[in-house]
Amino acid sequence: MTQHDPYPSRRDNRPAVLERREPVLHAGADAAGPLSRDQLERFERDGFLVVENVLTEGEVAALIDELELLRASFEGREDPVAIAEPESGELRSVFMVHQINQAYRRLAHHPNIMDVARQILADEVYIHQSRINLKPGFKGKEFYWHSDFETWHVEDGMPAMRAVSATLPLTENTHYNGPLMLVPGSHRRFVSCIGETPEDNYKRSLRKQETGTPDNETLKALVDAGGIEAPLVQPGSMLLFDCNTMHGSASNITPFPRSNVFFVYNAVSNQVTSPFGGRRPRPEFVATRETMSPLDPRSR
Ligand code: 6CS
Ligand code: FE
């Protein structure tokens, strides 16, 4: 029996915009946790929020050292978690860092990060996906406009909008080295995309996403309504964004890398099922299936 799909996408040859069905704050703006009511209300309104002073300079420095060790460990070595840039072959992303690296595993459990996800999602959480996008100088190519949830729903079987991404910069995000751009308010609209998902799409989409991206007219309508913001988040701070907030980033032609680590916290009540797009499930390093048990705060 095919599961009912409340968010159909990549089904028709014409786009559609559907209303969001879930709340953004799953226990409202009075939910207990690290964020104030005002911060929660801004997250609910915009679909993203910058939180300052999450990590100390020392914590960031240690994470940058770890990133260099990770980068060196992939030199000249093929590994599914290490994704290369489409043209230069430079290292673009490293996935599943919360599993392969002790420092990033601890970071995923950091109370200033994990407890914010639990506060917003009003549930215990697990890591659906983690990655470091390195966006190297000169060679870091764009991440075209997309809603993460659209991909996670169609290709991973994420049922509802009850997940949140926490991204922490490891290098400076400036207005010129390809900062993350977001469309305020776009999290309230589910953009049903055109096109069909190729088999094993992740082998291409993690390098250059071409399906599950909004058509120009729909993207322009979202931007006309909400504008575009590129919060210049500095190392030590964190950018939270809802699983369905439309975002993207331009190529980096400057000498300065724009490296960020991302943790995707999914509510344990929203565990992924079979992909709504009907294709084979994506591999574990992109979408957790084996360990969807709640993150244990004691294992920090
Ligand atoms: O396919 C995915 O899951 C990944 N793709 C993008 C562009 N953002 C979310 C995630 O990293
Ligand atoms: Fe994304």
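The following legends describe close-up views of a predicted model.

**Figure 1. Protein donors of the iron ion (ligand 2).** Three residues of the protein supply donor atoms to the iron ion: His-146 through NE2, Asp-148 through OD and His-247 through NE2. These atoms lie 2.1 to 2.3 Å from the metal. Along the sequence, the donor residues follow the spacing H-x1-D-x98-H. Asp-148 belongs to helix 6 (residues 148-156) and His-247 to strand 11 (residues 247-249), so this pair ties together parts of the protein that are 99 residues apart in sequence.

Figure 2. The iron ion (ligand 2) has four donor atoms, and the angles among them run from 81 to 174°.

**Figure 3. Surroundings of ligand 1.** The residues around ligand 1 are Gln-129, Arg-131, His-146, Asp-148, Thr-151, Trp-152, Leu-206, Gln-209 and Arg-282.

Figure 4. A side-chain N or O atom of Arg-131 lies 2.9 Å from an oxygen atom of ligand 1. For His-146, a side-chain N or O atom is 3.1 Å from a nitrogen atom of the ligand. For Asp-148, the corresponding distance to a nitrogen atom of ligand 1 is 3.0 Å. On its own, ligand 1 has 290 Å² of accessible area, of which the protein covers 94%.

**Figure 5. Burial of strand 7 (residues 163-169).** Strand 7 is mostly covered, with seven of its seven residues buried. Ala-163, Ser-165, Thr-167 and Pro-169 point one way from the strand, whereas Val-164, Ala-166 and Leu-168 point the other way. In a regular strand, side chains alternate between the two faces of the sheet. Residues on both sides of strand 7 are buried.

**Figure 6. Pairing partners of strand 7.** Strand 7 pairs with strand 12 (residues 260-267) in the antiparallel sense, over seven bridges. Within this pairing, Val-164 stands opposite Tyr-265 of strand 12. Strand 7 also pairs with strand 10 (residues 238-242), again in the antiparallel sense, over four bridges. Here Ser-165 stands opposite Phe-241 of strand 10.

Methods: Residues numbered from 1 in each chain as written. Chains lettered and ligands numbered in written order. Predicted model: local features only at pLDDT ≥ 70, side-chain atom pairs only at ≥ 80, totals over all residues. Heavy atoms only, no water. Donors = N, O, S within 2.8 Å, 3.2 Å for Na, K, Ca; no water. Tetrahedral: all angles 85-135°; square planar, octahedral: opposite > 155°, others 65-115°. Helix = DSSP H or I, 4+ residues; strand = E, 2+ residues; numbered from the N terminus. Buried < 20%, exposed > 50% of the residue type's maximum accessible area, 1.4 Å probe, protein only. Pairing = 2+ DSSP bridges. Near = heavy atom within 4 Å. Polar contact = N/O pair within 3.5 Å; in protein donor to acceptor, adjacent residues only side chain to side chain. Areas by Shrake-Rupley, 256 points an atom, 1.4 Å probe, with all protein chains shown as cover.
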